[in-house]
Amino acid sequence: MTDAARPPIADAVRQRLARRHRAEGRFQAFGIGAIALALLFLAVLLGSIVLQAGGAFTNYTLTLPVTLERESADPRGDMSEESLRRGSYNGLIQQSLQNEFPVASSRTELRELFGLYSGLNAASVMRRVVAEPALVGTTIEVTLPVNHEIDLYLKGVTVEEVFVDGSGTLRPSGVEGEVTLVAATPAFAGAIDRIRDQAIAERDATLDRAARLESQAQSAASRDAREAALAAAARARQAAERFETIIDPETPVELGPRTASLLVRINGGVVAVSSLDPDASTAQGRVLLTLENADPSDAWTEWVIETPSANRRITDQQAVYARALESRGMVERRFNTNLFFNADSREPELAGVLGAFIGSVLTMLVTMLLAVPIGVGTAIYLEEFAPKNRLTGFIEVNINNLAAVPSIVFGLLGLAVFINTFGLPRSAPLVGGMVLALMTLPTVIISARAALRAVPPSIREAALGVGASRTQAVFQHVLPLAMPGILTGSIIGLAQALGETAPLLMIGMVAFVADAPSLGLSGLTQPSTVMPVQVFLWSGASERAFEMRTAAAILVLLSLMILFNAAAIVLRRRFERRW
Amino acid sequence: MQLSLFTALALLVLTAIGFLAGRSRALALAGNGGTRLHSLPNYHGYFVALWAGLPGFALLAAYAMFASMAVNSLVLGQMERAAAPLQAQYESELRDDPAYTGAMDEIARLEIAISELRDEADAVIESDGVQSDAVAELRERQAALQFEIDDARFTRDTRAEAVAAEMLEDLRAADDLALARAGFEYGRLPSEQREVYMADARALAFGVELASRDTPELRALADTLRPIHQGLAWGGSLAALGIALAGLAFARTRLAVRFRARNRVEWIISAALALASLIAILTTLGIIFSLLFESLRFFASIDWRVADFLFGTQWSPQTAIRPGQIGQSGSFGAVPLFAGTALITLIAMMVAAPVGLFAAVYLSEYADSRVRSWAKPLLEILAGVPTVVYGFFALLTVGPLLRDFALFLGYEDAVTQSALSAGLVMGVMIIPFVSSLSDDVINAVPQSLRDGAYAMGATKSETICHVVFPAALPGIVGALLLAVSRAVGETMIVVMAAGQAANLTANPLESVTTITVQIVTLLTGDQEFDSPKTLSAFALGLVLFVLTLILNIIALRVVQSYREKYD
C-alpha cells in the first residue's frame, strides 16, 4: 500500500545517510586538520629558528699582521708577566690597521677605522703574549672577529646595496680630498632616478604618517595626547619638505643622511658623492679611499647603498674600509668559533655559549645527584615498603600536586629558603641544581613507581619464597629489573630541568657572567648562568646581531635535549621487557 | 675547604675499613664452616661500615653548614668587644658636636612637618579626590620639604663621617687598636657592604682569592679570623674522625654469631627510604610556609589592606619605592594581573582545547597504529621544547607577524608584545598536554559502549559525539582544567611576549601583564629584600600557588571519580 510512499522514504533515508556520511567525513577531516595544524606549528617553530640561526654559525674575521713592539707590549721592560699584562695591545692592533689605510688621520676617520673591531679583542692578544713571551718583538698574525654591525653589513642583513657598472668615461679631478667627477655623457642618470624614486616613496610615506597622526589627534582622548600627536605630525610634514629639493628635477641632487649613499669606485679608490648636477654628468664628492691616479677611466662602478645612513649603524667610510679589506683578503667569512668557545660578552661578535654550557652541566650534575637517589628512594618506599595508611596516602596526593605546581613557585621557594634562610650564594649552580631537583623530583618518583609496578609480583614472590628478606627481594631482584624504566624516567625529568628557565631567574642566575665557571667543585658556588637563561638574556639584548646568536643558542640547547631524549629512547628500546 | 675534603676522604676510607673489619670478624666468628651466623658476613660488614661512616659524615655535614656562621659570630663578637670603647667615644663626640646635633634637630622638625602635611593631604584627597589642584600643590610642598630633609640628612651623615674619619685617622697614626678600628669601621658600614668586608678579611687571611682592598684594619681582622677558623676546622675534622673510629670500634664489639646484623642494616635502609619520601612533604611545606610567611610580611607592610591587593585595579609597584608619597599609596592592586592572566589563558585554551581534543579523538578513534606511532611522538616534541624557545618564537616571529597583520587590517595601535601572540604560542605549547591527557581518557571508555552504538547503526562520528564524548566528559574536563593550571603558571612565554604594562583590558591586541611576569619583574635585578615591592612577589606567588592547587585538586578529583566509574 505504501508503494508510492516508499521511494520518498528511501530517498530521505538515502539523503540522510549521505548527509551523515558527509558529517563523518567532515569530522575526520577536523581530526586530521588538528594534527596537521599542530605539526605545522612545530615545523614553523623549528624552521624559523633554524632560519634565524643560519647566519650565526659563520662570521667575518679580520686577519692582521701585528708587530708586537717591545715598548708597547712590555711597558716596564722587565718581561715579567705583570708587565706583559699591562701592555697596550689594542694600540698595536690599531697601529697595524692604520698601516693598511695610511691616509686615515683625522679623529673621525680613525674612530671609524677602529670601529671595525672591538677593543676587547686585545685581551686575546695579551693572553697569547703572556703564554709565550718570546713573541714580543716579532710580528704575529692576529685574527679577530669584525664588529657585529660590520659583520651584519657584510652578510647583507642590515644594509641594502647595489653595484652598477658605470657607462662612459669618467674623469676624477684629483686623488684625495674633495673631488669632482666629470663625464661626457649623463652617466649618473640611473643613479639620480634611483635616488629620486626612493625620495618620492620616502616623502609619501612620511606624509601618510603625518596624515595618520592628524587623524589620531582628532580622536585623541586627552589634550596632552592630541598636542603630542599634532606636534609629531608637524615634524613629519617638515621632514617630508626636505625631500622636495631632491625630487625637484631642476636643482642639483644633494645626498644626505636621509637619502641613499652613492659611492663611485674608480681607479682603485672610492669617492662618496655628495651632490649631483641635474644634467647627470657631473658629481661633487669626497674621496673615501685614495685613488691610484686621476686618469679618466671607463671601468668604474656605481655603488649605491640604498639604506640611508641615518637608518644604519655603519658609515659609508666603514663600508668602504670593510669592502677594501675584504678585497685584500684580510676580511674573510669563517666558522664562528667564538660562539662555542667563549663565555658571554657585551659584544655580540665575541659572545658565546660556553659559560652557559658549563653552568648547565654543573647545575644538571647537582640536580641529578639529588633528584635521582631521593626520587628512586621515595618510589621504592611508597611502592614496596610503605604501609597503606593516612601518611603515605597524604604523601602520594602531595607528590601528584607537586608535579603540577608552576615551576616559578619552586624558584620562590629557592629564593626564600636556600638563599635568604640558609645563606647560600645567589646565582650559583649549587642552588640552581637544588631548586631544579625539587622540581624534577615528582617526575622521577612517578616514573620510577610506574617502572617498579611493572615488575610482576611473581618475581618478588619467588625471591621471598626462597627465603630472601623484603629488602633483599627489592634490591636484588625487583630494582635491577625496573632499572631501565627508572633511568628512562629520570633522563626525561632531567631533560625537562635542562630547559627550565623561570625558577632560575628567581635565584639570580640571570647575571651577566663574562667568565665561564670552572668545571669543578669550586664552580658550584661561582656565579653562572645556564643555557635557557642565556637564550633569555640574549633575546632581550638590543643589538641586532644577538638575534641570530639567540637562535643559534636555542639550536645548541635543543640538540642537547634531543641527545637526552634519544638516550632515553635507546635505553627503553634496548632494555624494555614485556611480561 | 681542603681540610674538610681530606676529612671526607679519610671518612670514606674508614667506612671501607669498617666494612672489611666487620666482614672478616664475622668470618672469623663463623670459623671454618662450623657455627652458622644469623646474617651473611657482608651484612656484618655493612653494619660496621654504617656505624663508622654515618656519624662521622653527619658531623662533617653539620660542620660544613654551621662552621662559617660560627666563625663569623665569634669574630664579630671579638671585634665588637674591642670596638666598644671606640663606639662610645664616637657617640660622645657626636653628642658634643654642634653641627651634628643641629642637623638632628632639623630632621626631627621636618619629619613632623611632613607627617602633618600628609595628614592634611589625606583629608584633601578624601574630600576633593587625587586629581585635584590642591593635592598637586601639597605634593609640591612635600617635595620641597623632602628636599630639605634630604639636605639635613646629608649634613648629618657627612658630619658623622668626618668625626669618624678624624678618630680613625688619629688612631691609625698611632697604629693602635687595629682590631677595634676594624670593628668600628664594620659597624658603620651599611649591611650590604659588611659581607664584602668580611670576604676581604677572609681573602687576606687565607690568600686563596684576591682581596679588593688591603688595609691595616682588614689585616688585623684577618689575624683574628685565621686562628679561630683553623681551630674550628681542625676541631671539626678531628671530632669527625674520632667519632668514626669510636663507632667502628663499638660496632665491631657488637658482632656475634647470633647478632642480627641484617635486620639492623635493613632497618637503616628502610629508614633512609622513608626519609627520602618525606622530602616531598618537606618541599610542599617549604613552599607553603615560605610563601605564607613572606606574604604576611608584605601584607603587614601595606597595613593589611588585603582587599586592596586582591580587588584593586591599579598595579604600579615601582612608584611605591619612596614611602609616603602623597596619592601614591595603594598601588598594589593585582586585578590587572589577574585579568591579564585570564585573558592569555583564555586565548591559549581557545587554541589548545579544540586542536588538542580533535587530535586526541582522531588518534584514538580513527588513526591506525602506524599513524599513531609517528604522530604521537611528534606531538610530544611540542611539549618537550623549552618554554624560553616558545618565548623567543612569540617575540620575534609571531608578535611582529600579528602586529603587521593588525596594521594591515587598519588597527593603528598594534604592538609586538600582545596578549594575542603570547596566548597563541602558549596554546600551541599546551596542545600535546590536552591531547595526551584526553587520549588516555578516551581510551579508557569501555569498548562495549562503542559497540552498542555501532550496533544501533551509528556512524563513527555519531558514536564519538553522542556516546564516547559524554562518557569521557568528566575526564576531558579534568584534562582541560589541568591544562588551564599549566597555562596560568607558565612564565617564560609571557615574560618575553606579553609585555610589562599592567593594562586592564580585554583587547587581545594590547600588551597585558600576568602574575608570573610581575613575579619575575619584581625579583630580577638588584633589589633589597625587605621592600614591599619585592615582598609583593611572594604574595603573587601565593595567589598563583593557591589558584593552581585548587585547579589541580578539582581536576584530579574529577579524573579519579571518572576512572572509578569504568574500572
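This note goes through the structure above point by point.

1. Basis. The model is predicted: local features need pLDDT of at least 70, side-chain atom pairs count only at pLDDT 80 or more, and totals for chains, interfaces and linings use all residues. Residues are numbered from 1 along each chain as its sequence is written, while chains are lettered from A and ligands numbered from 1 in the order in which they are written.

2. Overall form of chain A. Chain A has 20 helices and 11 strands; helices (H or I, at least four residues) and strands (E, at least two) are DSSP runs, numbered from the N terminus. Its radius of gyration is 35 Å, well over the 25 Å that the globule rule gives for 579 residues, so chain A is more spread out than a compact globule. That radius is taken over C-alpha atoms, and the rule is 2.2 Å times the number of residues to the power 0.38. Along the principal axes, the C-alpha atoms of chain A fill a box of roughly 110 × 105 × 55 Å.

3. Domains. Chain A is divided into domain 1 (6-54), domain 2 (56-150), domain 3 (161-311) and domain 4 (349-575); such bounds come from an automatic or database domain assignment. The C-alpha centres of domain 1 and domain 3 of chain A are 54 Å apart. For chain B the assignment gives domain 1 (2-259) and domain 2 (332-566), with 46 Å between their C-alpha centres.

4. A sheet in chain A. Three strands form an open sheet in the order S2-S1-S11, with antiparallel pairing. Its edge strands, S2 (139-145) and S11 (331-335) of chain A, each pair on one side only. Neighbouring strands of this sheet are turned by 40° against each other on average, direction ignored. Two strands pair if DSSP finds at least two bridges between them; S1 (residues 58-67) and S11 of chain A have 5 bridges. In one of the pairings, Thr61(A) has Glu332(A) in S11(A) as its bridge partner. Helix H4 (residues 89-100) of chain A packs on the sheet, touching S1 and S2 of chain A, and its direction makes about 95° with that of S1(A). Axes are lines fitted to C-alpha atoms, for helices over the stretch in contact, and angles run from 0 to 180 degrees between N-to-C directions.

5. Two residues with positive phi. Ala280(A), in the loop between S8 and strand S9 (282-289) of chain A, has a phi near 65°, although Ala280(A) is not a glycine. Ser427(A) has a positive phi of about 60° and lies in the loop between helix H14 (407-421) and helix H15 (429-454) of chain A. Ala280(A) is partly exposed, with 18 other C-beta atoms within 10 Å, whereas Ser427(A) counts as buried, with 21. The cut-offs are 20 or more other C-beta atoms within 10 Å for buried, 12 or fewer for exposed, and partly exposed in between, with C-beta atoms placed from the backbone.

6. The A-B interface. In this model, 66 residues of chain B are in contact with 66 residues of chain A; contact means C-beta atoms, placed from the backbone, within 7 Å. Helix H8 (residues 261-301) of chain B gives the most to the chain B side, with 19 residues. By class, that side has 42 nonpolar, 19 polar and 5 charged residues. Ala, Val, Leu, Ile, Met, Phe, Trp, Tyr, Cys and Pro count as nonpolar, Asp, Glu, Lys and Arg as charged, and the others, Gly among them, as polar.

How values were computed: Two residues are in contact if their C-beta atoms, placed from the backbone, lie within 7 Å.
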